[in-house]
Amino acid sequence: MISLYDTLSGEVRPLELREPGQVSLYACGPTVYDHPHLGHARSAITYDVLRRYLQWRGLQVCHVANITDIDDKIIDRARSQGRSEPEVAAEWEAVYRNVMDRLGVLPPHQQPRATEWVDAMVAFIAAITEAGKAYTTAAGVYLRVGSVDGYGDLVKRSLDELRASAGARVEVDEDKEDPLDFALWKAAKPGEPSWPSPWGAGRPGWHIECASMSLGILGDGFDIHGGGNDLVFPHHTNERAEALAVGRTFARHWVHNAMLNVDGTKMAKSLGNYRTVEDMLNEHPDNARAFRLLVLQTHYRKTMEVNSELLASARTAVQRLDALARRLTADPNTQPVPEASSVAELLRRFRAAMDHDLGTPEAIAVVFDNVRKANTGFDSASAEGALLARAVLDAAAALGLAVEDASQSVGDDAGVEELVSRRQAAREAKDWATADELREELSALGVVVEDTPSGPKWHRP
RNA sequence: GCGCCGGUGCCCGAGCGGACCAAGGGAACGGCCUGCAAAGCCGUAAAGCCGCGGGUUCAAAUCCCGCCCGGCGCUCCA
């Protein structure tokens, strides 16, 4: 049984699916106007892992993540660069997709763009208006928050508590009936992109976008809605209010991942610790896997730390998986063997960890525990080595941790093969000077040679 | 200010009432293996008594109270 922490109920509870065997998952995607940063990466990886694991458990998952391609920030950016909003959005959407690809994040099954769903949004707003839960001002259409029962449930705050702190950071529009009321539709300002509507030209508010696309694609009562925990209020609270306002059932489970700190504090341009995913990826080719390992080693609901030292240590750890994969390639031992209880134990522990609120840190601990056991198996020439190695690699793959296929890195390079065999010949002749010289040469080519009992093996790290 | 979440070894980070198990990763140290390395293994080796102070309990890192520190939210930010 799979359990997840649900923000609404405030407890870890069994995943109750709308339809047995099928999971509908909506995770809030990015507003495309700038470089994705490490926080985006953590969030995307979190839901990628959730999706992969559910699939690994045999469930059929429909993963939807939106692209917000119309927003104040996009408009500002377009204006400052003298370009059109669609141009800006398209540029950054492409960057985002490319970065996610490099991070090993599977493309969601659907990635709707907000601008392609405006008709549905207009219809949704009309329904809310007809239900008497919205009103119009010069600035747009607003949802009457007080008319929705349990509005603040997701943040666990009453309307009065919310009102008490409303405006702490932003001034309140005087035309609104209640400072908490939020925009469903924003009247167009001169020069801004706009769409026609019963309330005049304008554009949709942020929350109605996600509410329309999630319900439009996944249907009422879809299973999981996820996003960063900074979205709990107002974004998710407001999406939920929109659905409730027209009597529709919204997400059955709310999942929120925690934020990330760089060098001990929150990432911010003003603090000088702001890091884009591209910068991290360009620093070292293996940082994609290293970062994913770091994400996995911290529980998704806890603030995680990232810095260069941690990335470096994670790279080292990932290499142990590669080394194990190489041993497996060298000694696949495909012979049928009796049911290995050690493999069953590994799977049992792995599943138990993951089933309990996505316990990736413990799952990773299980993986590394078994890396050692598999190596011990290989060392003692037991069939258990290959069996465990395969299970370990499978478990790692379920978390999206790709392990290099050693057989791919060998083969196409006859020059390297030649150097390796010349070195081996020198070794056999106990000509250590020549052997070491050749090892240097290979090293310069980016090749590492390991002398194993069954002869030399080489790979590119 | 109000609300929520955290503070565990040199670093990161599990565990959240009880088997003396404080996982796992990195770093460091000592062995084994190796011509030397690399990779790998072993270590009753070194390293936490779990932010501070009270309390509850037969039993607390795990529950309660207070304090200190950090993070997030308080209208468009993952």
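Predicted model: local features only at pLDDT ≥ 70, side-chain atom pairs only at ≥ 80, totals over all residues.
Modeller: Residues are numbered from 1 along each chain as its sequence is written, chains are lettered from A in the order in which they are written, and side-chain values use heavy atoms, with hydrogens and water left out.

Biologist: Which helix gives the most to the surface near RNA strand B?

Modeller: That is helix H12, residues 360-379, with eight residues. A helix here is a DSSP run of H or I with at least four residues, a strand a run of E with at least two, and both are numbered from the N terminus. Chain A has 16 helices and 15 strands.

Biologist: What makes the pair between Lys186 and RNA strand B a polar contact?

Modeller: A polar contact is a pair of N or O atoms within 3.5 Å; within protein, one must be able to donate a hydrogen and the other to accept it, and residues adjacent in sequence count only if both atoms are side-chain atoms. An N or O atom in the Lys186 side chain is 2.5 Å from a base nitrogen of the RNA strand, so the pair meets that cut-off. For Asn375, the partner is a sugar or linking oxygen at 3.1 Å. Arg427 has a polar side-chain atom 3.5 Å from a base oxygen.

Biologist: Why is Leu419 called buried?

Modeller: Buried means under 20% relative accessible area, exposed over 50%, and partly exposed in between, with a 1.4 Å probe and protein chains only. Leu419 has 8% relative accessibility, so Leu419 counts as buried. In chain A, 49% of the 461 residues are buried.

Biologist: What is Leu419 in contact with, leaving aside its neighbours within four places in sequence?

Modeller: Leu438, Glu441, Leu442 and Leu445, where contact means heavy atoms within 4.5 Å. Leu419 itself lies in helix H15, residues 414-428. Leu438 is 19 residues away along the chain, with 6.6 Å between the two C-alpha atoms.
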